[in-house]
Amino acid sequence: MHTDRSASANYLVIALLVSVSLIIVLDRTGIASSLQPITGTLYAWGILLAAFSLLLGVFNAGWVHLQRIFLGETNWPHSVALVAALVVVLASGLLSPFGAESSLTEWLFDAIIAPGQATLFALLAFFMIAAAYRLLRVGRNGGGWMLAGALLMLTAQAPAAGVWMSPGLTRFAGWTLDVPVMATLRGALMGGSLALTLIAIRYMFMTK
Amino acid sequence: MSVVRCPHCGTANRAGSNFCNSCGTELRAAEERAADERAVEPRRQEEETAAEPGPPPAATPETPQPKEPSPGLPAAPQQPHGLADQPWLRMEFGGTDSAPPFDEEDDSARAATARLAPGIQGLLAPVRVSVRSAGDDEPAARPRSPDIPAEQMRLVRQRMGSPPILGQAEQLWSLPASPDLRLPWLFLALGLAILLPALLALPLPRGAPAQWPGVEDAFDVIQGLPAQANVLVYWAYDPAAAGELDEAALPVVEHLLQRRARMSVVSLLPGGPATARRLIERARLEWQRSENLTAAAESAWVIPVQYLPGGAAMLAHVAQNPERVFDAEQQERPDLAVVFGAQAEDVQHWLEQAAPLNRTPVIAVTSAAADPILRPYWNSGQLSGLVSGFDGAYSYQSLLADRLPRLERSAALDRQVVLQDWGLAIFFLAIVLGNLAAMFSRPPEP
Amino acid sequence: MQSSALVFDAIGAWVAFVFTLMIFSALAGDNALARLSQHILVGASLGYAAVLATRHVILPRLVDPLISGEAGILDGWLPLGLAASLILAGADRIMLRPAKPNAPPIWRRLLHGAGRLVTALLLGIGLGAGIMGALQGTLIPQYLRAAQIGFVPSAPGYLPLVGLLTLVLTTATLLHLYLDPSRHLDRQPGAVRGLMASWLWLGQRALWLAAGVIFARLAASRLSLLIARITFLTDMIHDTAFWTWLQSL
């Protein structure tokens with residue numbers, strides 16, 4: 001948290017990190033099942049501390065925008081809107097005895113949060129079509145293979161393919177999904193897990 | 001107290017420290033080098049004094065001599081204190097520094113000069129800052145930047161320094177060599193291809209979407225559940241993905257209700273519990289309508305929905321200590337776990353954190369994009385069933401309709417099936433246009 | 001009462017309609033409406049998350065048991081102390097800027113040290129669970145399945161061939177991800193180098209093909225989201241009197 005800190009404090013933090021990780025690891029391997037009450041307590045603390053971290057994050061975001069407003073920085077009116085929305089939702093949820101299920105909070109969820117999030121993600125379809133235009137080209141490195149995979153699956157998953165195409169195409173697409181693509185992605189998954197495990201072990205024991 | 005400054009981040013560390021407290025850079029070598037320089041410096045000063053006829057005129061506080069900035073360039077920022085010996089942090093740094101180049105075979109030299117990756121506290125691989133020049137005996141020439149007009153450089157700097165803006169997509173994505181098609185036309189085509197058929201109910205020859213392997217297995221597992229079975233539900237999507245996932249989750253939840261399963265729902269997303277409550281309510285209404293049940297008779301079982309922050313690790317807590325997550329009623333071992341996940345990672349998290357602990361069969365209901373990535377888990381038997389996307393939803397609904405003839409397919413799913421054809425047609429068009437444009441505009445990229 | 005709830009719902013639907021259009025307007029270019037709607041969305045989402053964390057986690061799992069006396073030191077006071085140090089250390093970093101960053105007072109160092117302990121605790125839980133999850137949930141089962149699938153000689157018909165293909169592609173992908181031909185193959189004998197190069201070639205092509213398939217499924221997924229939003233808009237339009245009048249023409 002601070003640049004000028006003693007080495008012993010560093011060791012204490014690392015010792016805590018490693019010992020907590022080891023407790024979880026030992027419990028999960030089944031070697032020491034007596035550790036289960038301890039891991040249960042650790043998880044319960046984790047849930048509580050994560051909730052407090054979330055509150056801290058919300059406070060940080062609010063503080064940043066409040067400063068923007070007070071300093072009159074660029075786009076400060078947008079910060080006013082953000083802080084106002086935050087305060088309204090916060091008040092509606094905290095002041096009502098029903099919390100997040102209070103009628104005003106539910107209304108705000110249905111009218112603002114749900115459509116807003118859904119629309120933001122719906123915009124991704126436009127990014128996808130831009131990518132289809134720019135990237136799926138025969139001339140690019142590996143483009144032919146990608147194009148083959150994409151065209152096969154785009155055709156097979158189109159509902160109209162059931163009317164216009166041979167059922168063999170769908171069967172072939174299913175086989176592609178189930179055999180070569182599955183085998184390839186199994187390799188990728190194993191590679192990813194291996195890398196994740198090694199990074200985590202390195203992080204724990206600080207090996208160079 | 002004497003301190004030693006880190007050559008990487010400039011933090012003052014206690015003298016004698018082996019590593020920097022802030023970034024983890026090794027300090028011992030830096031300290032030795034600094035000590036050597038301190039020993040050499042007085043000698044050099046003596047030599048310079050002997051060689052020069054007199055001291056150069058120094059700028060006094062009364063007569064400040066500020067450096068004139070070059071025309072067209074901003075004034076050089078002041079170097080932060082403690083960074084004087086860090087050439088790689090200076091604006092004019094061209095890729096080499098005073099540190100000796102690494103010898104591939106000499107680990108000790110590497111350790112002495114290695115600077116660690118920022119942002120991960122130097123715990124992963126070291127970053128090589130120094131580079132070996134082509135001619136080892138000659139000083140390395142500073143790499144010259146290509147001749148780029150000032151206006152273009154200004155534009156590049158402006159774009160690199162500002163957040164990406166969706167509305168300027170055409171300008172941002174158009175490289176000089178790319179074919180000249182305005183992407184907004186594609187956007188418009190896609191928007192209209194969905195909007196017009198939805199608004200005007202345009203007809204299209206309609207077939208049934210393909211049924212991918214895994215859907216029938218999911219159906220069979222739920223169909224085989226005993227009455228009042230305990231089902232643990234991990235709700236890993238929120239309104240952002242509800243447009244797709246709601247249609248896939250609806251028939252599965254209806255089926256679970258029809259099998260009188262006792263569901264307990266947990267979500268790690270803030271928007272998850274509200275999304276779950278809405279969909280379960282919708283499914284309950286549909287099911288009650290199809291079976292002519294009164295709401296009072298079948299709403300006795302309240303489905304608990306829990307929100308747990310803390311990330312994927314907390315799923316292990318759900319599997320290991322369900323009594324601490326839910327009420328006492330959910331203490332029995334679950335008969336089935338169902339994951340409604342927007343991404344493949346959500347299902348992976350359950351399979352990695354919870355499934356090895358409670359050994360419960362798992363069914364995944366996911367977005368279409370997650371399907372290929374989850375195939376290995378279905379193939380290895382870790383997933384007992386896999387329902388994905390609008391086509392998975394359609395297939396599951398069809399299987400369910402065979403058992404529950406009164407159950408109607410949701411109108412939203414019907415429209416998905418029709419409108420997917422229109423949207424996918426535009427995707428085909430975009431791919432064809434892209435390839436044609438590349439073919440006729442320029443030679444293919446290497 | 002019921003009619004007022006209906007009016008409330010109708011207003012909510014129209015707010016959602018306008019809000020959807022505001023966010024979609026980003027497609028036409030950067031504009032004030034799109035930016036405003038995004039800021040409102042972020043503010044509302046943050047507020048909602050804070051409400052949920054407070055009402056669904058902190059109150060029922062910590063505050064209520066402490067007030068009722070059900071919580072002890074381990075499941076009540078200790079996590080409360082940890083949370084307090086996390087909040088205070090975080091708030092200090094967010095709100096107060098130390099005059100001498102390199103020589104903070106002792107209380108601040110202690111506070112930040114306590115905050116770091118809490119962070120280490122959370123990180124330790126995540127790391128331990130992450131390592132074991134990757135091993136138990138992905139690496140070992142997938143390895144076992146990959147090893148098993150290629151060697152079922154008793155399997156009927158073409159299945160052994162399919163199993164072999166699966167094994168070859170899985171290993172080819174793994175090799176492609178972990179092997180650098182210029183580093184690892186240069187000193188190998190020619191035959192080994194040729195074999196490995198072909199294997200790597202196969203792995204790369206398989207990955208490209210899989211990427212194409214994933215792209216197509218991703219396109220269908222994102223299309224579903226777009227269809228859901230656009231049909232929401234068209235449903236709202238269909239419900240208006242204007243549309244009814246238009247249809248009567």
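From the N terminus on, chain A runs α-α-α-α-α-α-α-α-α, which comes to nine helices and zero strands. Keep in mind as you look around that this is a predicted model.

Now zoom out to the overall dimensions of chain A. A compact globule of 208 residues would have a radius of gyration near 17 Å, whereas the value for chain A is 26 Å.

Next, bring chain C into view. Where chain A meets chain C, 103 residues of chain A and 109 residues of chain C take part in the contact. On the chain A side, the helices that each supply at least two residues are H1 (7-29), H2 (36-71), H3 (76-95), H4 (103-122), H5 (124-135), H6 (143-157), H8 (167-178) and H9 (180-205). H2(A) gives the most to this side, with 21 residues. Sort the chain A side by class and you get 76 nonpolar, 22 polar and five charged residues.

As for handedness, the crossing of H2(A) and H4(C) is left-handed. To see the contact itself, pick out A:Leu42, A:Tyr43, A:Trp45, A:Gly46, A:Leu49 and A:Ala50 on H2(A), then C:Val118, C:Leu121, C:Leu122 and C:Ile125 on H4(C). Nine of the residues in this contact of H2(A) with H4(C) are nonpolar, one is polar and none is charged.

Chain C also touches chain B. Here 44 residues of chain B are in contact with 43 residues of chain C. On the chain B side, at least two residues each come from H5 (183-200), H7, H12 (344-358), H13 (371-379), H14 and H15 (411-441). H15(B) gives the most to the side of chain B that touches chain C, with eight residues. By class, that side of chain B holds 26 nonpolar, 14 polar and four charged residues.

Two of those chain B helices, H7 and H14, also pack against each other. The axes of H7(B) (residues 239-258) and H14(B) (residues 389-403) come within 8 Å, crossing at roughly 25°. The two helices are therefore roughly parallel to each other, and the crossing of H7(B) and H14(B) is left-handed. From H7(B), the contact draws on B:Glu244, B:Glu247, B:Ala248, B:Pro251, B:Val252, B:Glu254 and B:His255. Facing them from H14(B) are B:Gly389, B:Phe390, B:Gly392, B:Ala393, B:Tyr396, B:Gln397 and B:Leu400. Taken together, the residues of the contact of H7(B) with H14(B) are seven nonpolar, four polar and three charged.

How values were computed. Residues numbered from 1 in each chain as written. Chains lettered and ligands numbered in written order. Predicted model: local features only at pLDDT ≥ 70, side-chain atom pairs only at ≥ 80, totals over all residues. Contact = placed C-beta atoms within 7 Å. Helix = DSSP H or I, 4+ residues; strand = E, 2+ residues; numbered from the N terminus. Nonpolar A, V, L, I, M, F, W, Y, C, P; charged D, E, K, R; others polar. Axes fitted to C-alpha atoms, helices over the stretch in contact; angles between N-to-C directions. Parallel < 35°, antiparallel > 145°, perpendicular 65-115°, else oblique. Left-handed = near helix turned anticlockwise from the far one by under 90°. Rg over C-alpha atoms; globule rule 2.2 N^0.38 Å.
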